[in-house]
Amino acid sequence: MRLWFGLIVGIAGVGTLLWLGIWQVQRLAWKQDMLAGIEAQISAEPVDLRSALEPSFRRYAPVEITGTFDDANAHLNVLASRKSTGAVYRIIRPFQTEEHGRILVDTGWLRDGSPVQDAPSARLTLIGNLDAPIEADGFTPPPDLDKNIWFARDVPAMAQALDTQPVLVVLRERAEIDLGVTPWPVDTAGIPNDHLQYAITWFSLALIWAAMTAYFLRRTGRATA
């Protein structure tokens, strides 16, 4: 009886773990297709802002906007980190577009401690991508308004602080006039894709379960012989 019970439990366990591993492989293929689609959209030819917002917001849509930084000093410093650089600040500025009113523009990053130069007053045409980053959570500290340091790109809160629409465009190319920052374009690096590791884990557990089942059956068979 114990032999049959161990065999049934072993087969059920191995089968379940193999199914989970296969499911993760399928999810990996789905995620890779999704990421490829996003990357293709990010690098596509830009459209006007209104087309990317209506009839509905299209995250990562490439856009071309024309207008001015109508307040040279207005900006928000968003603390971030780059692997090769360390602590940096994303510089978020209000931009008065000719197409869709006043919006937010993520102009790029600046090393921690570097001075933020005034924005040019000239009419500019900028190319970037719409984004709606989800960086703030229950553990994110509130912004230090006295020092103008933000700890996440919270679009609604930043829009309220700079009196703009809750629309964020992240520059993907340098502007024709130096803005004193390095662009930090939108990419898929922040989208997790851990399905391969999960698949390896489930398949490894299936192998361990099979080995333990074989050991149990062998030991039980000897005991009852």
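Two strands are taken to pair if DSSP finds at least two bridges between them. Helices (H or I, at least four residues) and strands (E, at least two) are DSSP runs, numbered from the N terminus. The model is predicted: local features need pLDDT of at least 70, side-chain atom pairs count only at pLDDT 80 or more, and totals for chains, interfaces and linings use all residues. Residues are numbered from 1 along each chain as its sequence is written, and side-chain values use heavy atoms, with hydrogens and water left out.

Strand β2 has several pairings. With strand β4 (residues 86-97), β2 pairs in the antiparallel sense over two bridges. Within β4, Q96 is the bridge partner of T68. Six bridges join β2 to strand β6 (residues 124-131), and this pairing is also antiparallel. Here G67 has L124 of β6 as its bridge partner. Strand β1 (residues 47-48) runs parallel to β2 and is joined to it by two bridges. Strand β2 (residues 62-68) is mostly covered, with five of its seven residues buried. Buried means under 20% relative accessible area, exposed means over 50%, and partly exposed lies in between (1.4 Å probe, protein chains only).

Strand β8 is covered on both faces. L168 and V170 lie on one side, V169 and L171 on the other, and all are buried. Three bridges join β8 to strand β5 (residues 101-111), and the two run parallel. V105 has V169 of β8 as its bridge partner. Strands β6 and β8 run antiparallel and are joined by four bridges. The bridge partner of D131 in β8 is L168.

D131 also belongs to the lining of the largest pocket. This pocket holds about 440 Å³ of space. Of its 17 lining residues, D131, R153, D187, G190 and I191 are the closest to its centre. On a 1 Å grid over the protein atoms alone, a pocket is an open set of points where a 1.4 Å probe fits, with protein on both sides within 12 Å along at least five of seven lines; lining residues have an atom within 4 Å of a point. Grid points are joined across faces, edges and corners, and the volume is the space filled by probe spheres set on the points. The lining divides into nine nonpolar, one polar and seven charged residues. Ala, Val, Leu, Ile, Met, Phe, Trp, Tyr, Cys and Pro count as nonpolar, Asp, Glu, Lys and Arg as charged, and the others, Gly among them, as polar.

Aromatic contacts were examined next. Rings of Phe, Tyr and Trp (its six-membered ring) pair if their centres lie within 6.5 Å; planes under 30 degrees apart count as stacked, over 60 as edge-to-face and the rest as tilted. By this rule there are two aromatic pairs. W19 and W23 form a stacked pair, 6.5 Å centre to centre, with 10 degrees between the planes. The two residues are four apart in helix α1 (residues 2-42), so about one helical turn separates them. W19 is exposed, at 53% relative accessible area. W23 is partly exposed, at 37%. The rings of F69 and F95 have their centres 4.9 Å apart and their planes at 70 degrees, so this pair is edge-to-face. It links distant parts of the chain: F69 lies in the loop between β2 and β3 (76-82) and F95 in strand β4, 26 residues apart. Both F69 and F95 are buried.

Two arginines lie over the face of W184. R82 is at 4.7 Å from the ring centre, and R90 is at 3.9 Å. A charge sits over a ring if NZ of Lys or CZ of Arg is within 6 Å of the ring centre and within 35 degrees of the ring normal.

Backbone geometry has some exceptions. Most residues other than glycine have a negative phi, and most peptide bonds are trans. A cis peptide bond joins E54 and P55, with omega about 5 degrees. P55 is placed in the loop between α2 (49-53) and β2. Y60 is found in that loop between α2 and β2. Its phi is positive, near 75 degrees. Y60 is buried, at 12% relative accessibility. N148 has a positive phi near 55 degrees. N148 sits in the loop between β6 and β7 (149-150) and is buried, with a relative accessible area of 18%.
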